[in-house]
Amino acid sequence: MTVVVWIAEGVWEAAVDGARSLAPDDADVTLLYVHSGDMDELVQGAFAGLIGRRRRVPTDFDEKSADFADQLLSEAQQRLGRDAHRTTRHGRVEREVVTASADAELLVLSRDGDRSRLGPHSLGPISRFIVDHAACPVLLVWPGVAPSANSLPPPPPGSPPHEPPPPHGPPQHRPPPHGPPPHRPPGR
């Protein structure tokens, strides 16, 4: 089994824990970190606004970003507690994660949105895109303790009341009607 674990800043520990506890011992695990490249563009834009567009500020963001990714992937592998491939990609994070997991049998990621209540806002835009577009099964884990079901929003006004599910067990049969079945003429 091939498993890709997306190492997203701030919530990666839960994804690694999910992979550690649910991926088989013989699974081929890849820890994936994606550089978005947005920070370098932001700094260059700010510099251009201050100094002028003809000059490019020399930055060492690429080197520092690579060091950060290496450190994060090292910590993730230590937490995983077994051998894993460590991969770094560059580009749009959501697209790189989907592409990197295209041939995997499982993608593990952690919720990265509002963690105070259940619902669609518990996924940020990037993880929502990944969940919607992944070409493999996705294990979506809560970082920390999941909120209770009491965090669900109330139903909209005027919505029908919640009906309890049907009872479990064999279907209920009606007793047969008394007497012979009614006679129907042929052909009708």
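This is a predicted model: local features need pLDDT of at least 70, side-chain atom pairs count only at pLDDT 80 or more; totals for chains, interfaces and linings use all residues.
Reader: How many residues are in the largest nonpolar core?
Author: It has 23 residues. Val3, Val5, Ile7, Val29, Leu31 and Val108 have the most contacts inside it. A nonpolar core here is a set of buried Ala, Val, Leu, Ile, Met, Phe, Trp, Tyr and Cys residues joined through side-chain atoms within 4.5 Å. Buried means under 20% relative accessible area, exposed means over 50%, and partly exposed is in between (1.4 Å probe, protein chains only).

Reader: Which elements each supply at least two residues of this core?
Author: Strands E1 (2-6), E2 (28-35), E4 (106-110) and E5 (138-141), plus helices H1 (12-22) and H3 (61-80). Helices (H or I, at least four residues) and strands (E, at least two) are DSSP runs, numbered from the N terminus.

Reader: What lies apart from that core?
Author: Another core, of 15 residues. Val34, Val93, Ile130 and Cys136 are among them.

Reader: Back to Ile7. What does Ile7 touch?
Author: Trp12, Val16, Leu31, Leu32, Tyr33, Leu72, Leu73 and Ala76. That leaves out residues up to four places away in sequence. Contact means heavy atoms within 4.5 Å.

Reader: How many aromatic pairs does the structure hold?
Author: It holds 1. The ring centres of Tyr33 and Phe68 are 6.0 Å apart and the planes are at 70 degrees, so the pair is edge-to-face. Rings of Phe, Tyr and Trp (its six-membered ring) pair if their centres lie within 6.5 Å; planes under 30 degrees apart count as stacked, over 60 as edge-to-face and the rest as tilted.

Reader: Where do Tyr33 and Phe68 lie?
Author: Tyr33 lies in strand E2 and Phe68 in helix H3, so the pair ties together parts that are 35 residues apart in sequence.

Reader: Is Tyr33 buried or exposed?
Author: Tyr33 is buried, at 6% relative accessible area. Phe68 is partly exposed, at 39%.

Reader: New topic. How many salt bridges does the structure hold?
Author: The structure holds 8. A salt bridge is a side-chain nitrogen of Lys or Arg within 4 Å of a carboxyl oxygen of Asp or Glu.

Reader: Which residue forms a salt bridge with Asp25?
Author: Arg82, with the closest N and O atoms 4.0 Å apart. The pair links distant parts of the chain, 57 residues apart. Asp25 sits in the loop between H1 and E2, and Arg82 in the loop between H3 and strand E3 (85-90). Asp25 is exposed, at 74% relative accessible area.

Reader: And Asp70, which residue does its side chain meet?
Author: Arg86, in a salt bridge of 2.8 Å, N to O. Asp70 is in helix H3 and Arg86 in strand E3, 16 residues apart. Asp70 is partly exposed, at 44% relative accessible area. Arg86 counts as partly exposed too, at 36%.

Reader: Where do Arg128 and Asp132 lie?
Author: Both lie in helix H5 (residues 125-133), 4 residues apart, about one turn of the helix.

Reader: Which residues are linked in a network of salt bridges?
Author: Asp17, Arg20 and Arg79.

Reader: Over to Ser110. Which backbone oxygen does its side chain reach?
Author: That of Val141, at 3.4 Å. This is a polar contact: a pair of N or O atoms within 3.5 Å; within protein, one must be able to donate a hydrogen and the other to accept it, and residues adjacent in sequence count only if both atoms are side-chain atoms. Ser110 lies in strand E4 and counts as buried at 3% relative accessibility.

Reader: Last one. In what sense do E1 and E2 pair?
Author: In the parallel sense, over 5 bridges. Two strands pair if DSSP finds at least two bridges between them. The bridge partner of Val3 in E2 is Val29. E1 is mostly covered, with 4 of its 5 residues buried.

Definitions and conventions:
Residues are numbered from 1 along each chain as its sequence is written. Side-chain values use heavy atoms; hydrogens and water are left out.
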